[in-house]
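Please look over the model below. A short report on its parts comes after it.

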Amino acid sequence: MFGMLSPILKNGFGKPATRLYPFEKREAFDKARGQLEIDIDKCIFCGMCQRKCPSTCLNVEKAASKWELDPYNCVICGVCVEACPTKCLSLNKVYRTPVYVKENQIKIGKPPVKKTAAKENA
Amino acid sequence: MLHNQTKETNEVQTTADKLFAETQKLADNGYRFIIADVFEAEDNFELIYQFGKDYDATTLRLTVPKGAEIPSISPIFFNALLIENENQDLYGLKYKGLVVDFGGRLYMSQDEVEAPPQSMAGMNVSLVKKWNKKADTAKKEG
Amino acid sequence: MGDRRTVIPFGPQHPVLPEPIQLKLVLEDEKVVEALPQIGYIHRGLERLVKVRDFNQMVFVAERICGICSFQHAMSYCLSIERLMNIEVPERADYLRVIWSELHRVHSHLLWLGLMADAFGFEAMFMETWKIREAVVDMMEATAGSRVIISTCQVGGVRRDIAPELLQQIVKLADDVQRRVKAIEHSVLNDYTIKKRTVDKGVISKEQAWKLGAAGPVLRASGVKWDARMIGYAGYKYLNFEPVVETAGDCYARTKVRFREMFVALDLLRQAVAKIPAGEINVKVKGNPEGEAFIQVEQPRGEVTYTVKGNGTKNLEKMHVRTPTFANIPAFLTMLPGCELADVPVLALTIDPCISCTER
């Protein structure tokens, strides 16, 4: 009958187990996986991330130098980050916030300079 | 069939007529029914029944033509009724003597007539659209 | 009395059910005489995704079959593919898999205990267990980056390593959780109200449980000493443990089995951390899977089986998952006749139902 007494007393007089969230935020863990980010200048539009992505949330168009992410389809597994040959993809530690309108992230970069073309010019 | 780690399951080839008797034999020897699987080929189904005793598994394997009736093993192993009803739903197999027959309504609602063809199922709609779009633009350019 | 039967639909929405399943209960006054399940509310057809996702991408689909046993689903899938392709996983990866599996087991059992307490109105216990669970889930975030669906398994090993300091923190966490769970042990296992609601309710005998194919704690609570971990997959072959067995076969025994399993899981965590070797965490995978494999793995809720068939292309031909709840529903249906209507929620919870697993 008194088995629950000590946890109850501890809970009654101890510190609350929860945080006052918007005012007091927990620091993100080192390995936390937040959102996918791209350094578009380094991207060569090879489409490796699109091929490896298990949730098909990425769309890369080489001709238009376009990198498109549907962040609400992304499962933040980090496979694209591991697969990227130029390491231009990264995961930050900030979790996605709620939104009113779901929009795709579209990044347009510079078309990669072809090695053979560069040689010919030179 | 490969089993956990270093072992293989003991495999027994059987036919639809002998399935019930074989299952009864396993049941008398203290086996339990684990799961049944269906591998679909063009004009037949390959059925695989897994039984277990201690940490070993025994496989019953049989091939039946599409549309043939298969004896249900649910009178022997009650737990076979869920998977057999599932196969009835998803593959259109016909079972004879099911303990509880959901009549193809285990998973699907009353309005669905039958399961979608396998080639359609699981396709990501947005992906299909994307592909179609790409094909269209390729056609225009090419 | 025979003609005074009522049919009561239990579910699909019910306060004790986290997920939708409907039971059509045939009652004679207050006693259940027959029960029929109606599933299919959340059938997602995940297994057929093998047609469009390659075998490496399927790991993440397998992981999403169940939220609570997510890592073990990914691990079972990877084990079956590795079995097909004859891949030797590095020893460190085996140990890391055990660590994440056992963290999942602890957090799943704590979650279940909270839901169970909530089902018969023991709110204080519900809060207490979920508070303890929070620490375990935080540890998952610290080691893997996500709280529940941790996406760390891949074919050929694991994707993330755990640093030595974090491994020490896991031991500290295990001690801490053990202390806190011990503190509520008395009020769970010896409480008058809990005993009144669970003892001698929903009894299934040893023979019945085996023949009905019950899995996990339901099977072990009936006195069958069967735990898929004893097969020795992943790192379990290096560790010592005994499956938890109770003999009564009632709801109380199932509660006890899950409660004691937490201590076994915590002990396995300590053992794994003590024995973990240094080295690689994954190997490169070449080629495509071909052949058939049948894998049994122990999840918090019971034994899961994966049947996979590869045909030498990057897409598997077939993947079929039998989840623990799928195996426990027939046992549950056998428990129901003869019990009171008021006991049905408690009985439903003691099999730890996960319906999205069941329908996949």
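The report starts with ground rules and then takes the chains in turn.

## Ground rules

This is a predicted model: local features need pLDDT of at least 70, side-chain atom pairs count only at pLDDT 80 or more, and totals for chains, interfaces and linings use all residues. Residues are numbered from 1 along each chain as its sequence is written, and chains are lettered from A and ligands numbered from 1 in the order in which they are written.

## Chain B in outline

Chain B has three helices and six strands. Both kinds of element are DSSP runs, numbered from the N terminus: helices are H or I with at least four residues, strands are E with at least two. From the N terminus, their order is β-α-β-β-β-β-α-β-α.

Chain B has 142 residues, and 31% of them count as buried. Buried means that 20 or more other C-beta atoms lie within 10 Å of the residue's own; exposed means 12 or fewer, partly exposed is in between, and C-beta atoms are placed from the backbone.

## The sheet of chain B

Four strands of chain B form an open sheet in the order 1-4-3-2, with mixed pairing. Two strands pair if DSSP finds at least two bridges between them. Strand 1 (10–13) and strand 2 of chain B are at the edges with a single partner strand each, so one side of each has no neighbour in the sheet. Neighbouring strands of this sheet are turned by 20° against each other on average, direction ignored.

Strand 3 (residues 44–53) and strand 4 (residues 56–65) of chain B run antiparallel and are joined by ten bridges. The bridge partner of B:Gln50 is B:Thr59, in strand 4. Helix 1 (residues 19–28) of chain B lies across strand 1, strand 3 and strand 4, at about 170° to strand 4. Such angles run from 0 to 180 degrees between N-to-C directions; axes are lines fitted to C-alpha atoms, for helices over the stretch in contact. Helix 2 of chain B also packs on the sheet, touching strand 2 and strand 3, and its direction makes about 10° with that of strand 2.

## Helix 2 of chain B

Is helix 2 of chain B largely enclosed or left open? Eleven of its twelve residues are buried, so helix 2 of chain B is largely enclosed by the rest of the structure. Among the buried residues are B:Ala80, B:Glu84 and B:Leu90. The cover includes strand 2 and strand 6 (94–96) of chain B, together with helix 10 (324–335) of chain C.

Helix 2 (residues 80–91) of chain B reaches 16 Å from its first C-alpha to its last, close to the 16 Å expected at 1.5 Å a residue. The expected span is 1.5 Å times one less than the number of residues. Just after helix 2, B:Gly92 takes a positive phi of about 75°.

## Where chains meet

The contact between chain B and chain C takes 28 residues from chain B and 36 residues from chain C. Two residues are in contact if their C-beta atoms, placed from the backbone, lie within 7 Å. On the chain B side, strand 2 (residues 32–40) gives the largest share, six residues. That side has 17 nonpolar, nine polar and two charged residues. Here Ala, Val, Leu, Ile, Met, Phe, Trp, Tyr, Cys and Pro count as nonpolar, Asp, Glu, Lys and Arg as charged, and the others, Gly among them, as polar.

Chain A touches chain C too: 13 residues of chain A are in contact with 21 residues of chain C. The chain A side has nine nonpolar, two polar and two charged residues.

## Chain A in outline

Chain A has four helices and five strands. Their pattern along the sequence is α-β-α-β-β-α-β-β-α. Of its 122 residues, 16% count as buried.
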